[in-house]
Amino acid sequence: MPHPYVLLSAAVSLDGYLDDTGPDRLLLSGPADFDRVDEVRASVDAILIGAGTIRADNPRLLVNSEQRRSARTGAGKPEYPLKVTVSGSGDLDPDARFWHTGGDKVLYTTDQGAARARALDLATDVVPLGADLDWRRLLTHLHDVRGVRRLMVEGGGLIHTQLLTQGLADELQLVLAPLFVGDPRAPRLFGPGGYQGGRLRLLESRRIEDVVLMRYEPTAPGTGALPTAADHHWLARACELAERCPPSDTAFSVGAVVVGADGTELARGHSREGGDPVVHAEEAALAKLDPADPRLPGATVYSSLEPCARRASRPAPCARLILDAGVRRVVTAWREPDTFVTDADGSGLLAAQGVEVLVLPEHGGQAKAPNRHLLS
Ligand SMILES: NC(=O)c1ccc[n+]([C@@H]2O[C@H](COP(=O)([O-])OP(=O)(O)OC[C@H]3O[C@@H](n4cnc5c(N)ncnc54)[C@H](OP(=O)(O)O)[C@@H]3O)[C@@H](O)[C@H]2O)c1
């Protein structure tokens, strides 16, 4: 199910803390960075914080700039982004500023927490998500029911840790502040958990007064049938590659990327690349790798169109090449239509051999774009 784009935002001390243990909120950034945060808030549909942050900081979570608020209303958006919080217990202070400032609010909680929240008469919509809080259900609800396309998450650490370890964060915006906390009782930005192996991708670094903003993107593919944010990023990249194919009236334009389990790009390819008039994207990508590469069995192949099951131009279809390479996971945007081959079922062929195949139709439009002339 589609989710909003999830952007984790936090300021952190040099020793990795979000706050100290004193009664007042520790100010990690300066005015210029607070203004940047205000700008990001103004750009999103919703802002989420955990119940722990409401208890510790009693924040308002507003867009402070009047100019930015009127730009939002001018663009037909609500003056303030939706404010979202998460609590298992439902035990929240009804007088907290969060409920009484800004625009609409929603509390996601458990069935038990919802009973408590309703008894407290909190000034918010209350959405119970079952016995436990499921982040995918929460994000789907925000997307489908509340129309949220961009979600900014402003902590605290428990929230950031869960979204990152569950592969649900699209981007991290971290501000590193030049000070130390040095108190192990203080809340950390990220707690223990099953994080991706390998390195995240640096999207940007920016000096803002004496702090540094770093924007990172998670890179590691998911491991099963549920797509992660990184799966979406890689598939979007494969679809971009499809745009580079020399045009053809007799074959599809397809892009493919092979990505190792740790998020390292191993190879990429696109249809008809390098002057070969019949080469397919997955074939071109896999040909750049040593068949004995030990990273292949743990890799994911992203292909804008499902790998072919039959072809006349070469002896082996791409589904067979993927199986021979030992790859166990394929993510694609689009099932092959009957344009050139009737009932092609590369996904079925792969799945029958135990390969996990994910089709993410939300990328279908991007995958089809360079093939429009072939689709009547
Ligand atoms: N520097 C920064 O940028 C920044 C930003 C934000 C916060 N902070 C700091 O971070 C600290 C708070 O962080 P925190 O980690 O203690 O709290 P938090 O992440 O804000 O909130 C944790 C609470 O959220 C609820 N929750 C989270 N995941 C849940 C799940 N899967 N199921 C059910 N409920 C769930 C629980 O509420 P219940 O207890 O009600 O069940 C949990 O106690 C504060 O000191 C604050 O100042 C700093």
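Visitor: Which residues does the UniProt annotation "domain: CMP/dCMP-type deaminase" cover?
Guide: According to the UniProt record, an unreviewed entry, that annotation covers residues 229-343. UniProt positions are given in the numbering used here, feature names are shortened, and annotations may be inferred rather than shown by experiment. Residues are numbered from 1 along each chain as its sequence is written. This is a predicted model, in which local features need pLDDT of at least 70 and side-chain atom pairs count only at pLDDT 80 or more, while totals for chains, interfaces and linings use all residues. Over residues 229-343 the chain is 24% helix and 17% strand, where helices (H or I, at least four residues) and strands (E, at least two) are DSSP runs numbered from the N terminus. The end C-alpha atoms of this stretch are 31 Å apart.

Visitor: Which domains does the domain assignment of the protein give?
Guide: Domain bounds come from an automatic or database domain assignment. Here the assignment gives domain 1 (5-217) and domain 2 (229-374), and their centres, taken over C-alpha atoms, are separated by 37 Å. Contact requires that the C-beta atoms of two residues, placed from the backbone, lie within 7 Å. By that criterion, 10 residues of domain 1 are in contact with 7 residues of domain 2. The side of domain 1 that touches domain 2 has 3 nonpolar, 4 polar and 3 charged residues. In this scheme Ala, Val, Leu, Ile, Met, Phe, Trp, Tyr, Cys and Pro count as nonpolar, Asp, Glu, Lys and Arg as charged, and the others, Gly among them, as polar.

Visitor: How many residues surround the ligand, and which are the closest?
Guide: A residue belongs to such a shell if its C-beta atom, placed from the backbone, lies within 6 Å of the molecule. There are 27 residues around the ligand, the closest being G50, G52, G88, G155 and G156. The shell divides into 12 nonpolar, 10 polar and 5 charged residues. At least two shell residues each come from β1 (5-13), β2 (46-50), α2 (51-57), β3 (82-87) and α7 (157-165); α2 supplies the largest share, 5 residues.
Guide: Two of those closest residues, G155 and G156, are joined by a cis peptide bond, with omega near 0°. G156 lies in the loop between β6 and α7.

Visitor: Are the faces of β2 covered or open?
Guide: In a regular strand the side chains alternate between the two faces of the sheet. Both faces of β2 are covered, with A46, L48 and G50 buried on one side and I47 and I49 buried on the other. Buried means 20 or more other C-beta atoms within 10 Å of the residue's own, exposed means 12 or fewer, and partly exposed lies in between, with C-beta atoms placed from the backbone.

Visitor: With which strands does β2 pair?
Guide: Strands pair if DSSP finds at least two bridges between them. β2 runs parallel to β3, joined by 5 bridges, and G50 stands opposite V86 in β3. β2 also pairs in the parallel sense with β6 (residues 150-153), over 3 bridges; there, L48 has V153 as its bridge partner.

Visitor: Is E209, with its positive phi, buried or exposed?
Guide: E209, a residue other than glycine, has phi near 50° and lies in the loop between β8 (201-208) and β9 (211-217). E209 is exposed because 11 other C-beta atoms lie within 10 Å.

Visitor: Is R272 buried or exposed?
Guide: R272 has a positive phi of about 60°, although not a glycine, and is placed in the loop between β11 (265-270) and α9 (281-286). With 20 other C-beta atoms within 10 Å, R272 is buried.
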